[in-house]
Amino acid sequence: MEGVLDGFAVVLEPGNLLYCLLGVVIGMLIGVLPGLGPAATIAILLPVTFGLEPVTAIIMLAGIFYGAQYGGTITSVLLRLPGEASSVVTVFDGHALARQGRAGTALGIAAIGSFVGGTVSIVALSLLAPFVASFALDFGPPEYTALALLGILLISTISQGGRIKALTAAALGLLLAVVGRDGFTSAERFTFDNLSLADGLDFVPIAMGLFGLGEILHNLEERHRAAPEPAPVHNVWPSVADLRQASGAIGRGGVLGFVLGVLPGGGAVMSSLAAYAVEKRRSKHPERFGHGAIEGVAAPETANNAAATSSFIPLLSLGIPANATMAVIFGALLIQGITPGPQLVTEHPELFWGVVNSMYIGNVLLLIMSIPLVGLFVRILRVRPAILAPITTLITLIGAYTVNNSVFDIGLVVAFGVLGYLMRKFGFDPGPLVLAFVLGSLLETSLRRSLLLFDGDPTGFLTRPISGTLLALFVLVALAPVARARLRKRDRIAG
């Protein structure tokens, strides 16, 4: 309890409060602008965090992440244009409600659901994250090896873009993670006698290239698309009947979003899809979905905000990023000289509880600001990409240079920007690449230390309860697609 109160004291400092407000406003703005996304924005802003205190920097970046979840709702409802991937499902019923003259109702339900989902998830985060961190103190190299393996597999199997493409991207990320000197033998690997590669690839230019420059290049292809007229917004607050009808969907979406947000590869996108599917399946009138069902807005919007918050649990308590945005925030913590993991709660309690409690404040700010700023955000959509893209590119390249004062890093940003553009163009999700790159170093180091502990005997992993359980889960996840394919084949033969 003392830590929670100290956390509120930290976040209520004027500077931290200001950056919390700045983060959620930027997040909402980024959510409204289609394509850029929180991962790209946070990657571009990483150099800005150098001059900030660690807790201030992470409060701002966290605000950008969960603020973007609601920003994407505005254009989904008014323009049938999802500003954020997690808002794609909201388009189906949100815009249908807008065409019926109920855009205000849809935005009001989305705001309430987002607030409830985020708040429930924050409470659970406050209760569970310290417990998870204390449990993780029992983790050694074998447990981290199994956890990293399971995380990479989950990311690859759940990610968008198809399983084969996700596995390919993850394999490339693992390959990039071994560039540089071997930590055990000091032998150089894939450096091509280039001294700039001797210490390995830096996370910042990879993230800024894939998510920043890559997204900009991909979005420029859409610059000739005509901007649709936004639907008019009238009465914002939903009626009592609407609230009663949406209450069950909000409750279920909050729980489902929290659970899926903790899992590697789950995140806001998967949570919103799952919540929508659950509501449609359990409805007595599923034909309403897609034609203005209020539950079709409430469930995914609650779930994606709950997932955005709960994804901080594995990052802060285990040092394992659950999605691409968490991987970028992981990099921001490392830049600040802080290693996320089980010791974070005890070694940096002001950061842990400050960030957690800032989410309470941030969600209240989002609820207060979300509706009054709708008109402003719709006007911002009128700014041509031809104007925004050069400014964003310049900021990205300058930021990449300031990290190490290295022209080589600018070259890396450009190279990974082209790679990110090609991946998006051909249907590859860059998320698995970045997550596998982050987890690759942990996997290699933990695996080799484990084999030293076990005298080279790989069966030693099965003799430890935690690592054995995690490896059993790994096998189940790996075999699940094969089992489903066989069941479908059997059903077709039987039919």
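Start at the side chain of Thr145: one of its polar atoms lies 2.8 Å from the backbone oxygen of Pro141. This is a predicted model, so that distance is computed from predicted coordinates. Thr145 sits in helix α7, which covers residues 141–158.

Is Thr145 buried or exposed? Its relative accessible area is 2%, and the cut-off for buried is under 20%, so Thr145 counts as buried. What does Thr145 touch, once neighbours within four places in sequence are left aside? The contacts are Leu443, Ser446, Leu447, Ser450 and Phe461.

Next, helix α8, residues 163–177. From first C-alpha to last, its 15 residues reach 21 Å, close to the 21 Å expected at 1.5 Å a residue. Which residues of α8 are buried? They are Ala166, Ala169, Ala170, Gly173, Leu176 and Ala177. Viewed down the axis of α8, these buried residues fall within an arc of 115°, so they line one face of the helix.

Now the chain overall. There are 21 helices and two strands. The chain has 495 residues, and 54% of them count as buried. Taking contacts between residues at least 6 apart in sequence, 78% join residues at least 24 apart.

Definitions and conventions. Residues are numbered from 1 along each chain as its sequence is written. This is a predicted model: local features need pLDDT of at least 70, side-chain atom pairs count only at pLDDT 80 or more; totals for chains, interfaces and linings use all residues. Side-chain values use heavy atoms; hydrogens and water are left out. Helices (H or I, at least four residues) and strands (E, at least two) are DSSP runs, numbered from the N terminus. Buried means under 20% relative accessible area, exposed over 50%, partly exposed in between (1.4 Å probe, protein chains only). A polar contact is a pair of N or O atoms within 3.5 Å; within protein, one must be able to donate a hydrogen and the other to accept it, and residues adjacent in sequence count only if both atoms are side-chain atoms. Contact means heavy atoms within 4.5 Å. The expected span of a helix is 1.5 Å times one less than its number of residues. The arc is that of the directions from the helix axis to the C-beta atoms.
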